[in-house]
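Visitor: Please give me a close look at a single part of this model. Then tell me how that part meets what lies around it.

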Amino acid sequence: MQAQINSQVSSQIVVENLNHMYRPARGQPVLAVDNVSLEVRPREFLALLGPSGCGKSTLLYLMGGFLPVEKGRILIGGKPVTGPGPDRGVVFQHFALFPWKTVRANVLYGLERAGLPKNERLKRAQAYIDMVGLQGFEDSYPSQLSGGMRQRTAIARTLAIDPDILLMDEPFGALDAQTRSLMQSELLAIWRRSPKTVIFVTHDVQEACYLAERVAVMSARPGRIKAIVETKFDRSDPHLFKQPAFIDKVDEIWALVRNEAMLAQRLEAH
Amino acid sequence: MARWTASLFRYSPLLILAALWEAVAQLGLVARSALPPLSDVIKAWFALAVTSDFWFNAVDSLYRTFAGLALAVVVGAAIGIAMASSKPVRAVLNPIVEVFYPLPKSALIPVTALWLGFGDMSKILLIFLGCMLPVTLGAYNGARGSEQTLMWSARSLGASRWRMLMDVVFPSAVPEILNGVRTALATSFVLLVSSEMIAARSGLGFMIGFLGDGGNFDAMFAVVFTVAFMGFIADRLYQYAMQRTLQWR
Amino acid sequence: MAMSETLSYLRRGRGVRRHSWRYTVMAWLPLIVLLIAWELTTRSGLVTPFMLPPLSAVFGRIMEDAASGDLLTTIGTTLWRALMGFGISAVAGIALGILISQYKAVRWFFDPIISVGFPMPKIAFLPIMILWLGLFDVSKITMIAFNAIFPVVTATIAGIEGVEKQIIWSAQNLGAGRKRLMWDVLLPAALPQILTGLQVALPIALIVGILTEMAMGGYGVGATMQTASRMADSPGVFAGIIEIAIVGYVLVQAMAFIRRRLLMWHPEALDATAA
């Protein structure tokens, strides 16, 4: 009992015995998240890894407050989640930018809602646009940008409101391989400069190993946490991907995921 | 049973409106000539339904709609496919279609009356002209969307130009043609009713005007609602048939 | 649905015209030939001038009307009624669409009314409208709005409901409340579809406007044509057709222009400038 209270104090995000039923418009409800418990420390980079359809995105949306918590609970800084809020910034796989707003207007939007004075807003927006390397594209519309640039805009928009927690839902999943690896190292650089708690959903084992300090491996539907693996490496090492320790870790996690991926495929076929 | 109550719940606002109508009219909140009670309108409908006059007019109206519509569908689809598959045809018809398309088709009522008088033919021509373009555009867009690879493979299998039109281009244009026909169906009822009200000596639209002029408002309301529901039912039947036709997709 | 396909077809046509004036003349040549054929046919005596008056006579009539000022009042009257009715249907239709998309009770009440009312030939209610509101502008404009509102409402609902859930979540996450979400996110995101609804509604407004004028009189192109038809004045009838065709063409093009202006951010607009 004592240990649990202690852990709540030191953990920024606490998920306890969380269940979630997914209710499609037609057909039977499906158990998407099954009795998940998880603790995330402040400024930790945690990856949620699992096969497609395992409920890892659902778990993230529940933390974001977009879906109602029905069974179990989620505490952020000791308080239960009741809805979305600017303390948790979210980056979606398909960017979810406002296509009718320019890059600058997209980044400004959260700052306007926060009620910052105009000068401050513009200065801050520009700083984040510069940070993600989009100077010169401030007045472009999202439809004029490449996928990578759109995701940079989305990241700048989210970072600009300076959330304590960053929830990322397969943010690089829609990008091509080169852009993806570029964005990965940039995300790490940003994280190093201003450390935030990051929850990063992915189905890419190597990406999870490379970015995160801990990887939570989820099982196929219904989603449970199958294992939590420490993955602390020296990320500044340019040859990290060739280090035996790293390769072993990827293999270890891959072995955990493989079964689930096959199971997920069979579930999809049905 | 559950389905039955669900659709009752769904359509209950219409029943509420009907009840409201009856109540307002019965309580004398509005003049009887402005809104006869619904029950009287229903009585008037049954009184009309035993007269042969009503049915002759209804048959006239339906004949005009479907004759005009059938012509519009056949000619419209042929023109649309021709435009899509032949460059010269497209070059000739494109500007004509583009100018004719935004013309409010109701403006053709006096012209068709001028040409063909107050009988069936003027209505059929009006509906044909008014309903052709949506079908043409549907056929044109659908035929243009037919897959190039499909055409190539048909060509390589030795299909003639005509066979290819019938076997590849036309079937792939069917869904969009059917969409165009739905627009045309709605337009045809509007043109039918209005032309019968304005320039005709028979048909349900004519009956509406005739009954109204004679001050027989119960019966006028009955015919107005008959025509309105005919349009609604035609659309529902068409949608049902379209879903059946497109099941292969 | 069908209309948006139409519009894409018309857009393609415009892309062609951007080339050069010589190309423009070539593209319009069939129409010019058709008009010349009209004139020649009538002069050859193949048809009576009653069935088809010479184009020159029709143009002469339009010029006469223009000189006397009748043309301006006739077209002005029709336009005023059609655009008033259209404007009312636009404002009320978008407002109703918003309410239906946001409140279950409103949806419950209006859903069957719209799904039954949309495919009905509402023009049949014209005599009832006359009974209630008389023969003048109020009943005409009401009739126009009543006919034009349906596509606006359904397009607004479909547009708002089609907004990607994650865009809504993003806005909520960035601190948008319910009201801000509507103005800042749902309406702008639904704008392409709302505009399509308006583009369907505008021709309906014109069609119904002319019909009400034909049925009830009271100036306007419809009434003028109807009078001409009764008096067997065929140049008058054809003059009306040409006038209203031009009005319709200009209005449809103007709507397409407004659409391009409002949707500068949309891939559809960016493609058009690239082509």
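Guide: In chain C, which has 275 residues, 43% of the residues are buried. A residue is called buried if 20 or more other C-beta atoms lie within 10 Å of its own, exposed if 12 or fewer do, and partly exposed in between, with the C-beta atoms placed from the backbone. This is a predicted model, in which local features need pLDDT of at least 70 and side-chain atom pairs count only at pLDDT 80 or more, while totals for chains, interfaces and linings use all residues. Residues are numbered from 1 along each chain as its sequence is written, and chains are lettered from A and ligands numbered from 1 in the order in which they are written.

The secondary structure of chain C consists of 12 helices and 0 strands. These terms refer to DSSP runs, numbered from the N terminus: helices are H or I runs of at least four residues, and strands are E runs of at least two. Read from the N terminus, the order of elements in chain C is α-α-α-α-α-α-α-α-α-α-α-α. Along its principal axes, the C-alpha atoms of chain C fill a box of roughly 75 × 55 × 30 Å.

Two residues are in contact if their C-beta atoms, placed from the backbone, lie within 7 Å. Among the contacts in chain C with a separation of 6 or more, 71% are between residues 24 or more positions apart.

Chain C is also divided into domains, with bounds that come from an automatic or database domain assignment. Domain 1 of chain C covers 16–47 and domain 2 covers 51–274. Their centres, taken over C-alpha atoms, are 30 Å apart. Where the two touch, domain 1 of chain C gives 7 residues and domain 2 of chain C gives 6 residues. On the domain 1 side of that contact there are 3 nonpolar, 2 polar and 2 charged residues. In this classing, Ala, Val, Leu, Ile, Met, Phe, Trp, Tyr, Cys and Pro count as nonpolar, Asp, Glu, Lys and Arg as charged, and the others, Gly among them, as polar.

Next come the neighbours of chain C. There are 2 pairs of chains in contact, and chains B and C share the most contacts. In that pair, 49 residues of chain B are in contact with 49 residues of chain C. On the chain B side, at least two residues each come from α1 (2–26), α4 (87–100), α5 (108–116), α6 (120–144), α8 (161–198), α9 (204–213) and α10 (217–245) of chain B. Sorted by class, the side of chain B that touches chain C holds 33 nonpolar, 11 polar and 5 charged residues.

Chain A is in contact with chain C as well: 20 residues of chain A meet 16 residues of chain C. On the chain C side, α8 (165–173), α9 (178–216) and α12 (267–274) of chain C are the elements that give two or more residues. The largest share of that side, 6 residues, is from α8(C). By class, the side of chain C that touches chain A has 9 nonpolar residues, 6 polar and 1 charged. Chain A and chain B, by contrast, have no contact joining them, and their closest C-alpha atoms lie 15 Å apart.

Helix α5 of chain A (residues 147–160) has 14 residues and spans 20 Å from its first C-alpha to its last, close to the 20 Å expected at 1.5 Å a residue. The expected span of a helix is 1.5 Å times one less than its number of residues. Of the 14 residues of α5(A), 11 are buried, so this helix is largely enclosed by the rest of the structure. Among the buried residues of α5(A) are Arg150(A), Gln151(A), Arg152(A), Ile155(A) and Leu159(A). The cover over the buried residues of α5(A) includes β6 (88–91), α3 (103–113), α4 (118–131), β7 (165–169) and α6 (177–193) of chain A. After α5(A) comes Asp162(A), with a positive phi near 50°.
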